[in-house]
Amino acid sequence: MTITPYEISVPTFQRGFAVLSKLLDKAEAFAEERKIKPEVLVEARLAPDMLSLAGQVQRMSDTAKFAAARLTGTEAPSFADDEKTLADLRTRIARTTDYLASVPQDAFDGATERMVTVKSRGGEHTSTGKEYLLTFALPNFYFHLTTAYAILRHNGVPVGKLDYLGRA
């Protein structure tokens, strides 16, 4: 079986965002039912030094769009990290999935061998596209999706494993 860089990235990211959207639907229904301001959930976090729900969604978005751009040798769109409401988070998700849908599948040709450099506070790390996708982009994306799920669950939103795994 052969899996292309496109197949293991774009559809995977899109599915993760579909799952996240359903989690946000449940969060909104929970907030409405419990008469909680939804912004409380948007700003919720698991620990004081962790990102909020909004931060988790922003990092998922950044990871997906930068992965697509890095693997295709193109520029990713820049989004301000200013989401304050569930509607704002949905807009961020839509903008990200629209961008992913706009990247042609053939743009990923040669992505496994393309050298990718990621700059961070710890310096620069260069690897092949394959290594970058499998050891950084996908794990990072799922870390933030899992943490978004955990924030909602921790705050009482009735979500479970099947909501995370999704039927998307």
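## Basis

A residue is called buried if its relative accessible area is under 20%, exposed if over 50%, and partly exposed in between, using a 1.4 Å probe and protein chains only. The model is predicted: local features need pLDDT of at least 70, side-chain atom pairs count only at pLDDT 80 or more, and totals for chains, interfaces and linings use all residues. Residues are numbered from 1 along each chain as its sequence is written, and side-chain values use heavy atoms, with hydrogens and water left out.

## Aromatic pairs

Across the whole structure there are six aromatic pairs. Rings of Phe, Tyr and Trp (its six-membered ring) pair if their centres lie within 6.5 Å; planes under 30 degrees apart are stacked, over 60 edge-to-face, and the rest tilted. One of the pairs joins phenylalanine 17 to phenylalanine 141, edge-to-face, at 5.3 Å centre to centre with 80 degrees between the planes. Phenylalanine 17 lies in helix α1 (residues 5–34) and phenylalanine 141 in helix α5 (residues 129–154), 124 residues apart. Helices are DSSP runs (H or I, at least four residues), numbered from the N terminus. Phenylalanine 17 and phenylalanine 141 are both buried.

Tyrosine 149 and tyrosine 164 have ring centres 5.8 Å apart and planes at 70 degrees, so this pair is edge-to-face. The pair links helix α5, which holds tyrosine 149, to helix α6 (residues 161–165), which holds tyrosine 164. Tyrosine 149 counts as buried because its relative accessibility is 15%.

## Cluster

Phe17 and Phe141 belong to one aromatic cluster with Phe13 and Tyr142.

## Charges over rings

A charge sits over a ring if NZ of Lys or CZ of Arg is within 6 Å of the ring centre and within 35 degrees of the ring normal. The charged end of lysine 65 is placed over the ring of phenylalanine 66, 4.6 Å from its centre. Over the ring of phenylalanine 79 sits the charged end of arginine 95, 3.9 Å from the ring centre.

How values were computed: Helix = DSSP H or I, 4+ residues; strand = E, 2+ residues; numbered from the N terminus.
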